[in-house]
Amino acid sequence: MRITNTRRISQIFFFTLFLWFGIVSTLGERFFQLRGWPINWFLQLDPLSGLALLLATHTVYAGLLWGVATLALTLFLGRFFCGWLCPYGAWQQFMGWLGKRGLSAPAAVERNRPHPAQRVKYWLLAALLAAAAADLVHWLLAGVVRQPLLLWPLSALAVVVVIALLLFKTSSAFRFWGVLLGALLAAGLLMELLVPQNRWLAAALQTGLLDPIALMHRTFNLVILPLADGPLNLLSATARTYPGAMPIGLLFLLFTFLCLRIPRFYCRFVCPLGALLGVLSRWSVWRIGKKENRCADCRLCERDCEGACAPAGAIRISECVLCMNCLDPCRHDLIGYRTQPSAAGQHDTPDWSRRQVVTSLAAGLVAAPLLRLEGAATVGWHPEVVRPPGALAEVDFLARCLKCGQCMRVCPTQVIRPAGLQGGFEGLWTPMLDFRVGSSGCQLNCVACSHVCPTAALRPLSVDERLGRGGFAQAGPLRLGMAFVDRGRCLPWAMDTPCIVCQENCPVSPKAIFTREMWQAVRNGRHTVRSVTDARVVLSAPLVAGQYGTGDYFCRKGGGVPVPIAANDAEALTLALPPGEAEKAIPAVGDSVEILIRLQQPQVDPARCIGCGVCEHECPVQGRRAIRVTAENESRQRGHRLIL
Amino acid sequence: MNDLDPQPDRPERRWFLRRLLRAGLGGLGIGALGWAFWDRRGPQSGEESPSNDPLPDYSIPGQARRLAMVHGADRGASVTAALAALGGMERFIQTGDRVLLKVNAAFAAPPMIGATTHPEVVTRVARLCFEAGAHQVLVTDNPINDPASCFALTGIAAAAQAAGAQLLLPTDQRFENYSLPNGRLIRRWPLLRAPLRQVNKVIGLAPVKDHHRSGASMTLKNWYGLLGGRRNIFHQEIHTIIAELAMLIRPTLVILDGTASMMRNGPTGGSLDDLKPTQTLIAGTDPVAVDAAGAALLDKTVDDLPYLRMAERLGVGTVDYRSILVK
Amino acid sequence: MGEGLKNAPPRRALSHNKAPSITERWVGRAILVTLAIIAGGVFVAQSRFDPGKWRAQTHEAGPSTTPHAAEAPATAAGLRAMGPPEVYNAETLSDKIDGKAELYLAAGFERLETQRFALADDPGRWLERFVYTMKTPPGAFAVYSQQRRPQARPLDLAADAYQSANGLFLAQGAYYLEIVGSDPSDTLQTRMADLARAFVADHPVSRAAKDERTLFPEEGLVADTIALTPTNAFGLVGLDRVFTADYVGDGHRAMAFISRRATDSEASGLAGAYTDYLLTYGGQKVSAPEGAPPVTIIAILDQYEIVFHHGDLLAGVHEADDLSYGLALAVRLYKNLGVPGE
């Protein structure tokens with residue numbers, strides 16, 4: 001079998017596996033449901049997520065350790081992940097193939113020429129990692145600053161190294177990186193020492209925006225699946241709605257279309273994961289190369305070159321995605337996947353200049369504190385951003401969330417949606433609860449999202465912890481937020497209309513919503529009694545037949561007790577007289593009577609409400625609900641406490 | 001095969017072996033790094049790791065609780081007289097001590113309306129401290145209004161400077177999350193800790209004020225100014241929080257300035273009409289007793305201020321101030 | 001750029017212009033094997049999971065079997081069903097009651113049908129009825145007796161029935177009925193009783209079967225403490241279907257137990273096995289006083305165990321804190337077994 005066919009099989013295999021994982025992310029135990037399917041395996045294999053999380057949280061969470069395997073294998077083989085495994089790469093390759101069909105060989109070769117813009121992905125990588133790195137720097141430096149035995153020797157060492165590098169002749173690359181690192185270390189230490197809680201070393205994890213695996217999951221979960229499953233309803237009973245999914249779909253569509261013009265557009269120009277693996281592949285043991293430097297220069301090998309790495313000439317190792325499409329076309333069998341450098345020369349390192357790298361790093365380092373200036377994670381927090389159960393405190397949450405949408409996918413009631421800019425730019429596409437979409441509120445005894453989260457931005461919860469049972473009785477139930485009654489919109493509060501739907505649906509026990517009984521005189525409800533026969537009271541003014549026969553209306557004479565109205569026609573009320581007290585309750589001719597409605601007005605008990613949003617979901621005031629959950633009082637941020 | 005190869009293979013083989021070694025070491029390095037930082041369980045709930053360095057007790061060990069009450073219209077003289085009655089500042093401050101004066105600078109209001117600690121008290125106490133040998137005197141508070149203007153307008157900044165004391169503004173980095181051992185409300189709450197870390201003696205200086213929510217604001221309520229964050233949430237349980245504050249700070253000394261007391265419209269006041277010249281200054285080592293004595297100045301009794309008995313039950317003082325009154 | 005490119009052959013022709021090398025073929029095979037291993041790994045991974053980690057008990061994800069219409073028990077007046085009944089079998093039981101399923105499965109569980117009802121006049125209040133069908137009446141009594149709440153109020157609805165603050169529990173034939181209310185109000189209590197009464201009327205038992213329970217002596221018996229342990233009684237594997245009852249008297253306490261075995265020899269064998277079991281765990285044999293029935297007495301952990309068998313019955317006294325009290329109880333029990341010639 002040809003190696004290119006093996007590659008195609010591998011790509012199809014992993015692409016199918018990816019789709020399968022997307023399909024089985026439905027809560028349940030049938031074979032096509034969640035069970036134990038490793039649905040995050042691609043995200044875990046993706047070393048960009050792992051590395052970024054290591055930088056942002058100085059930990060590698062559980063399955064993210066798989067990224068080590070990818071990195072280690074890349075050191076031997078090169079960018080095998082891009083060419084053989086990445087589902088987004090496979091998709092783009094397919095689209096590129098569609099776009100190239102029927103093209104003449106010279107035109108095809110033209111599309112695969114290396115382009116200077118391919119370096120953009122390295123800039124993006126540098127900026128994204130720098131933005132995430134500040135916390136690790138802060139963590140390490142803060143540790144050093146607290147240990148005088150480490151601090152002063154290390155500072156001295158940094159200064160000595162910088163001076164030595166500047167004074168003595170060394171290789172220019174060595175000197176450059178040495179001086180850069182030494183200066184950064186010295187500056188960082190100084191800053192830590194002088195301003196221990198400065199805002200410069202803030203970390204922002206934004207790799208998920210461009211990480212191809214996160215992008216693929218997000219697009220599949222929030223765009224493709226809801227569209228595909230909409231008419232079928234195989235995976236969810238009700239159609240899924242995700243406000244804010246449109247830009248996600250458009251972005252995917254854009255890159256898909258661009259592939260028709262330039263194969264693997266995203267991989268070549270944008271993908272920060274490809275860039276990371278590209279940087280590493282400079283050390284790879286096996287690589288594509290030419291045996292001899294003499295060749296007819298027919299360039300047929302570049303006709304289907306996926307990475308645009310120019311294998312005919314001096315190959316750009318960091319761009320090569322190991323598609324192996326250059327091996328066969330060579331009529332002289334000059335190109336191979338070998339352990340020796342190409343006889344035609346090779347470019348090991350990416351096509352970047354130091355200036356560009358430094359600029360990108362600086363941009364990333366500055367971006368994080370700039371994002372924080374918005375204050376969306378701190379004092380300027382947006383109460384509408386109600387995070388799913390298990391979410392860490394906002395700053396820690398943002399340091400972990402990849403915006404992959406796995407929690408939104410798995411939610412059995414589909415109440416998790418991607419945030420727009422409510423949580424600031426940093427929080428774009430992070431999960432938030434929207435109780436208007438979905439089939440109910442956040443289910444009390446469900447902790448699925450917290451277990452599905454690949455990075456523990458939603459930390460794994462037990463149902464006991466969520467409900468505050470067992471060993472968690474002291475901590476009490478986990479609160480996502482709190483419901484507030486909008487008295488201007490609530491039917492019994494604002495419109496004298498009986499309704500206690502929220503109270504009835506409150507799943508907390510004892511209920512967090514209770515009602516207060518209230519008697520309200522109805523509009524134009526004051527009448528004079530014209531005649532009385534048994535329980536039938538004829539009034540002076542005409543009535544709307546049946547209006548007061550709902551059981552909620554009462555008739556009161558003078559300052560007496562309200563008597564329930566059993567029915568009414570156009571001119572008279574029929575009272576439902578309490579047995580034995582008929583005499584006292586019946587108004588006499590000429591009495592002035594008042595028609596009252598008995599209302600139960602809902603109230604929220606802040607000590608009980610956990611913010612599950614069932615009330616908001618059920619509220620019959622459909623547009624802007626009359627009871628709404630906001631993030632006040634959420635457990636994850638003590639500072640948002642509302643009551644003691 | 002090798003013999004037929006026209007090119008010598010040794011450099012290429014060496015190149016290969018070197019790369020293999022480098023990749024192997026690199027892979028191992030990455031693996032080791034990943035392993036070292038591996039976190040199998042993920043973050044746990046951030047709840048309650050109780051503070052492992054609780055605040056020290058700043059009171060003088062071995063001294064009995066004592067309280068002195070002096071009368072007069074001259075604050076400075078009253079301070080000196082009260083301290084003399086307690087045996088002089090030397091009984092509280094020794095050579096080399098670093099002292100924190102916790103003033104009440106809550107509002108950006110002029111000193112005369114009595115909403116804040118009077119600058120004259122600050123100057124006099126700071127000078128007495130220095131005379132007793134104090135190495136350093138710090139003045140701090142976390143006011144409700146903008147700190148810089150509060151200290152300036154209340155005259156406390158100038159008073160501190162005049163006496164050679166150093167004013168510490170409540171900047172963000174001076175706060176630390178703190179959990180009071182056995183506390184229910186003060187848990188992982190921002191506390192103005194940095195000034196407390198710098199000193200070994202703490203003296204509270206408070207005016208006598210009516211307080212709408214708690215009944216009265218005197219030396220115990222004054223510690224509220226060491227809390228940060230959205231502390232007004234504690235107004236839901238004002239008496240509990242004041243009692244916990246009494247547990248939080250065990251001061252060296254407190255001085256309650258009732259030369260003029262704010263009888264109503266507290267704690268801000270705003271009008272001289274709200275003040276009454278009660279002409280009393282109380283100093284003592286037990287803030288509960290001092291506040292119990294101060295209640296009378298506001299025509300209140302101990303029962304009007306539930307936090308006093310709560311603090312007493314917590315074992316931090318006595319409401320029976322007469323039992324420790326120095327004659 | 002050479003002219004070779006302009007006259008390039010079509011791709012298809014290109015890719016077949018030479019046969020793949022042996023290395024290429026072997027590498028391809030190795031990769032396919034790797035893919036197969038990955039597929040296998042993924043398949044193994046999917047079968048290893050703990051649904052308790054993320055389970056949500058939503059109605060959609062509910063039980064698979066449908067209720068038998070004929071068996072659907074009657075409702076009572078003033079109640080409105082909040083949803084269709086849900087049915088669980090031995091496999092799905094833990095979906096509903098989680099870890100407590102073990103208790104039922106050990107006692108011969110067949111099916112559970114649950115349904116929620118709201119009060120028609122106060123929809124905020126509701127109750128849930130659990131009807132457990134067990135294989136045998138003793139199975140129903142076993143789950144009933146093992147969960148009996150200590151502060152319960154006995155009811156006369158059925159032979160075995162009691163009421164707790166917000167629940168009602170009864171065993172009727174092979175059924176075990178639980179009704180749990182959303183709050184402890186009187187209204188709900190009344191409705192629960194109505195519902196239970198309807199159930200009892202709907203599931204009459206043909207004369208309570210005579211079982212070991214009638215053999216416990218009256219004197220000193222603590223009310224409502226007769227229980228049935230379906231398996232592994234007193235920690236001994238194989239000792240199943242044991243009825244127990246608590247006794248107090250003279251300031252001492254003990255537990256009597258009776259179990260009817262299939263044959264006489266099984267009863268005597270099990271008595272021996274239990275004695276050996278006690279001796280293995282540090283028990284010391286105590287000789288029975290003169291005139292006592294043929295019993296084995298074992299002192300263990302400051303308590304006394306008395307074991308004997310009679311016909312197909314295995315019986316004895318468990319954890320007696322006083323030897324003479326235990327022995328007296330054993331004698332009374334022994335007489336009750338219908339020993340001839342007394």
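These are my notebook entries on a few places I looked up in this structure, which is a predicted model.

**Entry 1: strand E8 of chain B**

I began with strand E8 of chain B, which covers residues 201-211. I checked its burial: 11 of the 11 residues are buried, so the strand is largely enclosed by the rest of the structure. Buried here means under 20% relative accessible area.

Next I looked up the pairing partners of E8(B). E3(B) runs parallel to E8(B), and four bridges join the two. Within that pair I noted B:Leu101, whose bridge partner in E8(B) is B:Ile203. Strand E10 of chain B, residues 253-262, also pairs with E8(B) in the parallel sense, here over six bridges. B:Ile203 turns up again, standing opposite B:Leu253 in E10(B).

Strand E9 of chain B, residues 215-217, pairs with E8(B) in the antiparallel sense over three bridges. I found B:Asp210 opposite B:Ala216 of E9(B). A hairpin of three residues connects E8(B) to E9(B).

**Entry 2: B:Met112**

I then went to the loop of chain B between strand E3 (98-102) and helix H3 (119-131), where B:Met112 is found. Is B:Met112 buried or exposed? I have B:Met112 down as exposed, because its relative accessible area is 53% and the cut-off for exposed is over 50%.

I also listed what B:Met112 touches. With neighbours within four places in sequence left aside, B:Met112 is in contact with B:Leu272 and B:Leu275. I looked up one C-alpha separation as well: B:Met112 and B:Thr154 are 42 residues apart along the chain, and their C-alpha atoms are separated by 8.7 Å.

**Entry 3: the barrel in chain A**

In chain A I traced a barrel closed by six strands, in the order E9-E10-E13-E12-E11-E14, with antiparallel pairing. From one strand to the next, the twist averages 45°.

Strand E11 (residues 553-557) and strand E14 (residues 592-604) of chain A run antiparallel and are joined by five bridges. A:Arg556 has A:Glu594 in E14(A) as its bridge partner.

**Entry 4: cavities**

The structure holds 13 cavities of 30 Å³ or more. The largest cavity has a volume of about 100 Å³. Of the 16 residues lining the largest cavity, those closest to its centre are A:Cys401, A:Cys404, A:Cys407, A:Pro431 and A:Cys453.

Which helix gives the largest share of this lining? I found helix H18 of chain A, residues 406-410, which supplies three residues. By type, the lining divides into 11 nonpolar, three polar and two charged residues.

How values were computed. Residues numbered from 1 in each chain as written. Chains lettered and ligands numbered in written order. Predicted model: local features only at pLDDT ≥ 70, side-chain atom pairs only at ≥ 80, totals over all residues. Heavy atoms only, no water. Buried < 20%, exposed > 50% of the residue type's maximum accessible area, 1.4 Å probe, protein only. Contact = heavy atoms within 4.5 Å. 1 Å grid on protein atoms, 1.4 Å probe; cavity = no way out; pocket = protein on both sides within 12 Å on 5 of 7 lines; lining within 4 Å. Points joined across faces, edges and corners; volume = space filled by probe spheres on them. Nonpolar A, V, L, I, M, F, W, Y, C, P; charged D, E, K, R; others polar. Pairing = 2+ DSSP bridges. Axes fitted to C-alpha atoms, helices over the stretch in contact; angles between N-to-C directions.
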